[in-house]
Structure formats: C-alpha cells, structure tokens
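Colleague: I have this model open and would like you to walk me through one part of it in detail. Could you start with the whole chain and then zoom in?

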Amino acid sequence: MQGTIDGFSYGLVTPVVAFLMACLGGALGLRCTTRSMLVTRSWRAGWLALGSAAIGSGIWTMHFIAMMGFSVEQTPIHYDRPTTFASLGVAIVMVGVGIFIVGYRGATGTALFTGGTITGLGVASMHYLGMAGMRLNGKLEYNTLTVSASVVIAVVAAITALWAAGQVRGFLWSVGASLVMGLAVSGMHYTGMAALSVHLHHTSSTPAGDSATSLLAPMMIGPLVFLCLAGVVVMFDPLMVLGKPDRTPVERRPGIPAHSVGPRPGRRPRRHPGRDRAHGRVRTPQSR
C-alpha cells in the first residue's frame, strides 16, 4: 500500500523559511570563503573553517525546516537522534573539504571543479542521510533518475556559487552567490523529495525515535545561534563587506631604494660650479 505524501503541510511557510535559511548559511559561508582569499595563509584556515560550519549549519537547518512540513497521512513520522546528528556532521565536513580546496587552490580550473563537486555531494549526502533517519510504519523508496537529477543540481549550483564567491568583487557578488547556493539546496531538497514514495507496512504501531517537534525544534537552536554569531562577525569586519584586499606596505630593504634615482624626464641636469671651473668654464649670469 502506498502512503499519501504531503510535503507542504503548512503551505508556503516552510519552503520560504527553509530557502531563507539556506541563503543565510550560504551568504555567511561564501563570504568567509571570499575573506579567506584576502588574508595571509596563517589566517586562511580559520575563515575557511567558519565558512564551512556556516554553510553546513545553513543547509542542515534548511533541510529540517522543510521536513517540518512533510507528512505521510497514514503514519506518524519520528526521527532517529544519532542519524540526525550525523547528517549535520557530514554536511560540515564534506562542505569543508570542498571549501578548503577552493580557498587554498583558487576558484578556477580543476580546484573549482573538485571543490564544487565535493561541496555538492556534501549537500546531497546530508539530505539523504537525514532522510535515512526518519522512522515510520513503511519503507522509503526512491526513483533513481530523479535522485540523480537532484545530485546534479546540487553539484552544478555549488560549483557556480564557489566560482562567484572566488571572484572577490564586492558584496553584490556574494549576494548572488548566496542566492545560487540557496536555490541549489532548496532545489536539490525538493527534487529529492519528488523522487520519494512510501510503501506502508500493515501495522499501526508507533515508530521508534523522537517526534519532529520534540527533536528537531531543540536541535535547530544550536545551528541558528551559530549562524547569528557568524553574521555578527561578518557585519563587524569591513573587508567582509567591501571585498577589497588589505593594503600592504612596500617592503624596504637596505641597499634597495624605494624610488628611482635616475634623472626625471623633462628636467635639465644640474650644473656644479666647482666642476665647471676645473674644466675651464666660467658661468656668467647670462649663461644661467
């Protein structure tokens, strides 16, 4: 028996809020990635780690906000706590690997393709691992073609977002990159949900695990607080908004002049009276 799935139990509230959370996490994470390209290597790892945690927390929060509006009419839905926590860890780690590659190798060529692919796969892995944490009186089944399409959406959009973040061209580029990331996560999520069908078991027992309200609501407090703190860091760092590199002073070393010592063009060479007398030349006022 097939279950009746409703992914929009609260109308457009959960999709819109989920999209905004994905954009917020993407904006903070991609901006930190941009910031890492404007500092020395000693500070780069810290900014990239902050960006990884921001994107991972954002996409995880987006996923489970969207899942608050998911229901199957014939059975209650519960969630396994360890698997749900693991999905957050997988999101942060895999997104972090991709971002570190782009942060240290640059947002071009092979590094961009590799980092974007790993980041997109991290988004997809978080989604399907989170779905595996659901407990209900039925079996989840997926359409392989639609699942493949959802993974391709995540990978392509992640590559595009990382490329835009790597341009270091100011705040508007980061806004565009965050919108792309938000569309990637939301599009991947709802494409993956479109691939889902539920084959119900012939039982009415209560599934194991915790309900969405008792588990997801408290769990989302931590990522939300972290995103707020990351947002404070972004707002109070001028370079995060301007997107301009630091002005480094010119290095001065002994024996290396800072400016050219040759004569400037358009200026007559200076005469020395003592040298003129030594060569038998006498300067007069008319000759000056």
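Among contacts in the protein chain between residues at least 6 apart in sequence, what percentage join residues at least 24 apart? After that, please take a close look at helix H4 (residues 109–132).

Modeller: Bear in mind that this is a predicted model, where local features need pLDDT of at least 70 and side-chain atom pairs count only at pLDDT 80 or more, while totals for chains, interfaces and linings use all residues. Residues are numbered from 1 along each chain as its sequence is written, and side-chain values use heavy atoms, with hydrogens and water left out.

To your question: 86% of those contacts (heavy atoms within 4.5 Å) join residues at least 24 apart. The protein chain has 10 helices and seven strands (DSSP runs numbered from the N terminus: H or I of at least four residues for helices, E of at least two for strands). Of its 288 residues, 44% are buried (under 20% relative accessible area with a 1.4 Å probe, protein chains only; over 50% is exposed, and in between is partly exposed).

Now for H4. One partner is H2 (residues 41–68), which packs on H4 at about 40 degrees with the axes 10 Å apart (lines fitted to C-alpha atoms over the stretch in contact, with angles from 0 to 180 degrees between N-to-C directions). H2 and H4 are therefore oblique to each other (under 35 degrees is roughly parallel, over 145 roughly antiparallel, 65 to 115 roughly perpendicular, and the rest oblique). H2 brings Ile59, Trp60, His63, Phe64 and Met67 to the contact, and H4 answers with Val123, Met126, His127, Gly130 and Met131. By type, that's seven nonpolar, three polar and no charged (nonpolar: Ala, Val, Leu, Ile, Met, Phe, Trp, Tyr, Cys and Pro; charged: Asp, Glu, Lys and Arg; polar: the others, Gly among them).

H4 also packs on H5 (residues 144–165), at about 135 degrees and with axes 7 Å apart. H4 and H5 are therefore oblique too, and their crossing is right-handed. On the H4 side the contact includes Leu112, Phe113, Gly115, Gly116 and Val123; on the H5 side, Val147, Ser150, Val151 and Trp163 are among the residues. The H4–H5 contact holds 14 nonpolar, six polar and no charged residues. Val123 turns up in the contact with H2 and in the one with H5.

Definitions and conventions:
A crossing is left-handed if the near helix is turned anticlockwise from the far one by less than a right angle, and right-handed if clockwise.
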